[in-house]
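Subject: Structure handover

Hi,

Here is the structure I promised to pass on.

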Amino acid sequence: MEERLKMWLDAEAALATSQSYKVGTRELRRADLPEVREQIEFWENKYNKATNEIDGTSGGGRRTVRIVPRDL
């Protein structure tokens with residue numbers, strides 16, 4: 001997951017300098033920057049969720065309860 005996030009962050013950096021160019025009437029467009037940012041947000045959320053689950057800081061997951069056996 002971390003590798004995917006890094007890949008999209010690198011893609012955003014590359015697009016920041018040269019997203020498209022024209023030669024006469026022809027144009028080359030590398031990628032859609034909003035789509036790259038959408039992917040970054042997706043992978044950041046996925047990465048953060050995974051790391052929070054590992055740390056135990058997510059809202060869900062395992063819960064500890066105490067049970068007291070009683071003889072009635």
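First, the ground rules. This is a predicted model, so to speak of local features a pLDDT of at least 70 is needed, side-chain atom pairs count only at pLDDT 80 or more, and totals for chains, interfaces and linings use all residues. Residues are numbered from 1 along each chain as its sequence is written, and side-chain values use heavy atoms, with hydrogens and water left out.

The fold: the protein has 2 helices and 2 strands, and from the N terminus on the elements run α-β-β-α. Helices (H or I, at least four residues) and strands (E, at least two) are DSSP runs, numbered from the N terminus. Buried residues make up 10% of the 72 residues. Here buried means under 20% relative accessible area, exposed means over 50%, and partly exposed is in between (1.4 Å probe, protein chains only).

One of the residues to look at is I40 in helix α2, which counts as buried because its relative accessibility is 6%. I40 and R4 are 36 residues apart in sequence, yet their C-alpha atoms are 8.7 Å apart in space.

Now the hairpin. Strand β1 (residues 20-23) runs antiparallel to strand β2 (residues 26-29), and 4 bridges join them; two strands pair if DSSP finds at least two bridges between them. S20 stands opposite R29 in β2, and V23 stands opposite R26 in β2. There are 2 residues between the strands, and G24 takes a positive phi near 65° in this hairpin.

How many salt bridges are there? The count comes to 2, where a salt bridge is a side-chain nitrogen of Lys or Arg within 4 Å of a carboxyl oxygen of Asp or Glu. K6 pairs with D10, with the closest N and O atoms 3.0 Å apart. Both K6 and D10 lie in helix α1 (residues 2-17), 4 residues apart, about one turn of the helix. D10 counts as partly exposed because its relative accessible area is 41%.

The other pair is E12 with R37, at 2.9 Å from N to O. This pair links distant parts of the chain, with E12 in helix α1 and R37 in helix α2, 25 residues apart. E12 is partly exposed, with a relative accessible area of 21%, and R37 is also partly exposed, at 46% relative accessibility.

Finally, the surface patches. These are made of residues with over 30% relative accessible area and no salt bridge, with like charges joined within 9 Å and nonpolar side chains (Val, Leu, Ile, Met, Phe, Trp, Tyr) within 5 Å. Accessible areas come from the Shrake-Rupley method with a 1.4 Å probe, and for residues only the protein chains shown count as cover.

- Nonpolar: Y21, V23 and L28 form a patch with about 300 Å² of accessible area together. L28 sits in strand β2 and is partly exposed, at 39% relative accessibility.
- Negative: D32, E35, E38, E41 and E44 gather in a patch of negative charge on the surface. Asp and Glu count as negative and Lys and Arg as positive, while His and the chain ends are not counted; each charge is placed at NZ of Lys, CZ of Arg, CG of Asp or CD of Glu. D32 is in the loop between β2 and α2 (33-55) and is partly exposed, with a relative accessible area of 34%.

Over to you!
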